Amino acid sequence: MEDREIVELYWMRNEDAITQTDRKYGNFLSGQAYRILKNREDADECRNDTYLQAWNTMPPQRPSYLCAYLSTILRRLSIDLYRKKHAEKRRSDEYAVALSELEEILPAKNPAADIVSLHTLGDTISAYLRTQPLRNRNLFILRYFFFDTVEEAAKHCGIRAGNARTILHRMRQELKQYLIQEGYDL
Amino acid sequence: MKTEDLMDAMDHIDPDMIGNALQSREKKTFQWKTVLIPAMALALVFAFISVNRNNADIISDPEDPVPDTEHENTETAALKELHIAREMGTEGMGFEGEILPADTEPDFSGCDDTIAEMPVLYRDLPAVQGYLKRTDTKQMESVLYQLAGLFKENVQRMERSYMANGGIESITAYTETMMIVMDSDETAACFFKEPVLLEEGYSIDYDAEPAEAVRTMQYLLDVFGDVISFRNPVFDPGLTYDYSGASHVQYFIREGEGNGTEQRLAQLFDRVQFGGTGNKVDLLRIWAKPDDVKELGMYPVITADEAVKLYMEGVYRTTHAQGLGKHILRAELVYYSSRYEPLIMPYYRFLVELEDMEAADGFVNTAAVYVPAVDPAYYRFDVSSEMPFN
């Protein structure tokens with residue numbers, strides 16, 4: 001079933017919206033959550049919570065790309081659960097590895113940490129990504145939004161893993177400069 | 001600002017960018033050389049859609065006999081080599097498998113070593129940007145009108161939605177009390193704005209015992225007798241388990257008439273599912289055979305033991321790349337099709353224990369792997385990412 005029809009079911013308050021969502025994206029969402037959590041039970045829990053949140057937010061939301069919408073909800077829930085479960089320890093999973101890569105941009109424990117608007121920061125990152133070629137932009141999002149391994153992200157973008165690492169490294173450096181230029185105190 | 005703020009801010013980047021990245025990931029660059037001209041104009045295996053077998057309009061040709069495909073010699077010389085993408089182009093990209101009790105005994109009852117050859121089918125459509133591209137909608141519209149007619153409804157309007165490659169993704173027909181969505185593979189989902197109410201004693205309950213689900217399905221077949229009928233209905237409660245050990249059922253009915261090959265095709269093309277809650281049924285889903293499905297030829301198939309050997313040698317497809325164990329808990333001979341690839345061919349579907357996933361006490365996680373059932377002499381795996389489209 002096409003996304004638009006599924007969203008229509010949410011708006012009709014038809015519970016089959018969730019069945020249809022699960023049929024179309026259930027495996028995908030579980031897989032995404034598993035990348036972060038490395039535990040299938042937790043991954044399935046986040047997937048189900050994603051359905052609940054989708055149910056509670058449509059209406060009023062009417063996403064044009066349902067999968068991206070669900071992915072965003074799921075990512076948030078999975079990261080929250082990850083942090084809850086691994087508050088004191090770091091693991092060598094894709095989330096932790098991706099996070100350590102981003103520490104190139106700013107330290108994990110920045111003593112000058114201030115409260116930032118995540119919405120505004122997200123807009124700024126979007127603005128930076130818009131300056132990039134589509135392939136690089138996709139590579140960055142696959143790595144830091146979906147937590148694909150570098151090898152997987154490279155494959156999806158049609159480039160070699162070594163090349164992807166170089167591009168990502170350069171993008172992190174550029175993003176750091178871009179954020180400074182935009183007034184962020186890094 | 002902390003590093004984790006950056007990670008959190010990624011939740012707020014432009015959704016269109018996320019969508020674009022997703023599309024780059026979904027494009028499965030599988031190899032398909034469109035040289036699929038059937039060697040012989042064999043009668044198509046059809047007569048599967050069971051939607052009102054008394055309605056001649058909706059049945060392709062119920063008298064068209066399904067060839068006896070078993071225990072026949074194969075004219076193998078004319079068979080084309082099959083090109084199979086190593087990657088499985090499913091939408092899943094995550095898990096395909098089940099949670100099973102740890103004490104599950106290996107079950108190979110879904111295999112049938114008496115079958116010596118099976119038809120390989122294909123969808124006569126090009127693959128463009130990783131998806132099949134269907135543009136002819138006449139058959140889909142015709143079936144939609146007939147489905148609405150069976151429910152004594154008039155189609156008020158239709159809406160089409162298209163894929164990025166220009167193909168049709170689905171058509172939705174709206175009537176006064178229904179919404180019928182037909183995907184390009186001719187799977188139709190009939191939604192009832194006013195649920196069909198069941199008599200006391202029957203219910204759609206996903207926690208029901210399998211026997212109870214079968215009893216309800218028998219009743220549903222009577223209720224929907226004007227719309228669906230089967231010559232020999234098979235009631236499949238689709239038993240699954242969750243982590244708590246509770247079993248769950250679904251409500252599938254398929255055609256059970258015919259030989260082993262026909263029954264396996266019926267699982268793809270001649271099946272219905274009911275959905276709803278309690279005494280309310282608000283969904284009837286129908287799987288039918290798309291009109292663009294053609295037969296490529298009869299191919300010799302291997303036995304389950306031979307397929308196990310191939311699995312151990314690494315000859316398989318799966319959506320789950322890591323942690324596959326050697327322990328096969330369930331084996332079935334099935335047909336597999338997806339919206340990504342034209343070939344519809346038989347596979348041995350193995351549920352194998354996953355060694356890298358934690359499971360609750362008393363349970364194991366499994367993943368599904370697919371070993372082509374066709375004799376290996378007739379196919380080759382292509383490294384999909386290095387191959388061009390078409």
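Student: How many helices and strands are there in chain B?

Tutor: In this predicted model, chain B holds six helices and 22 strands.

Student: What share of the residues of chain B count as buried, and what share in chain A?

Tutor: Of the 390 residues of chain B, 43% count as buried, and for the 186 residues of chain A the buried part is likewise given as 43%. Sequence separation is another way to read the two chains: among the contacts in chain B between residues at least 6 apart in sequence, 71% join residues at least 24 apart, while in chain A residues 24 or more positions apart account for 58% of the contacts with a separation of 6 or more.

Student: How should I read a sheet, and which strand order does the open sheet of chain B have?

Tutor: The general idea is that strands of a sheet pair through backbone hydrogen bonds, either parallel or antiparallel. In chain B there is an open sheet of eight strands, ordered 7-8-9-10-16-15-14-11, and the pairing is antiparallel. Its edge strands are strand 7 (157-162) and strand 11 of chain B, each of which pairs on one side only, and the twist from one strand to the next averages 20°.

Student: Which helix packs on that sheet?

Tutor: Helix 3 of chain B, residues 138-150, packs on the sheet and touches strand 7, strand 8, strand 9 and strand 10 of chain B. The direction of this helix makes about 150° with that of strand 9 of chain B.

Student: How many bridges join strand 10 to strand 16 of chain B, and which residue does Ala188(B) stand opposite?

Tutor: Strand 10 and strand 16 of chain B pair in the antiparallel sense over seven bridges, and Ala188(B) stands opposite Ile286(B) in strand 16 of chain B.

Student: How is a pair of packed helices described, and at what angle do helix 2 and helix 3 of chain A cross?

Tutor: Two packed helices are described by the angle between their axes and the distance between the axes. For helix 2 (residues 16-37) and helix 3 (residues 40-57) of chain A, the axes come within 8 Å and cross at roughly 135°, which makes helix 2 of chain A oblique to helix 3 of chain A. The crossing of helix 2 of chain A past helix 3 of chain A is right-handed. Among the residues that meet are Ile18(A), Leu29(A) and Tyr34(A) from helix 2 of chain A, and Cys46(A), Tyr51(A) and Trp55(A) from helix 3 of chain A. By class, this contact has 10 nonpolar, four polar and five charged residues.

Student: At what angle do helix 8 and helix 9 of chain A cross?

Tutor: The axes of helix 8 (residues 150-157) and helix 9 (residues 161-181) of chain A come within 8 Å and cross at roughly 100°, so helix 8 of chain A is roughly perpendicular to helix 9 of chain A. Val150(A), Glu151(A), Ala153(A), Ala154(A) and Cys157(A) of helix 8 meet Ala161(A), Asn163(A), Ala164(A) and Arg165(A) of helix 9, and by class the contact has six nonpolar, one polar and two charged residues.

Student: How many residues of chain B are in contact with chain A?

Tutor: On the chain B side there are 47 residues, in contact with 58 residues of chain A. Elements that give two or more residues to this side of chain B include helix 1 (3-9), strand 10 (187-197) and strand 16 (280-287) of chain B, but the largest share, nine residues, comes from helix 2 of chain B. By class, the side of chain B that touches chain A has 20 nonpolar, 14 polar and 13 charged residues.

Student: Why does Asp113(B) count as partly exposed?

Tutor: Asp113(B), found in the loop between strand 3 (107-110) and strand 4 (117-123) of chain B, counts as partly exposed because it has 13 C-beta neighbours inside 10 Å. Leaving aside neighbours within four places in sequence, Asp113(B) is in contact with Thr303(B) and Ala304(B).

Note on methods:
Residues numbered from 1 in each chain as written. Chains lettered and ligands numbered in written order. Predicted model: local features only at pLDDT ≥ 70, side-chain atom pairs only at ≥ 80, totals over all residues. Contact = placed C-beta atoms within 7 Å. Helix = DSSP H or I, 4+ residues; strand = E, 2+ residues; numbered from the N terminus. Nonpolar A, V, L, I, M, F, W, Y, C, P; charged D, E, K, R; others polar. Buried ≥ 20, exposed ≤ 12 C-beta atoms within 10 Å, placed from the backbone. Axes fitted to C-alpha atoms, helices over the stretch in contact; angles between N-to-C directions. Parallel < 35°, antiparallel > 145°, perpendicular 65-115°, else oblique. Left-handed = near helix turned anticlockwise from the far one by under 90°. Pairing = 2+ DSSP bridges.
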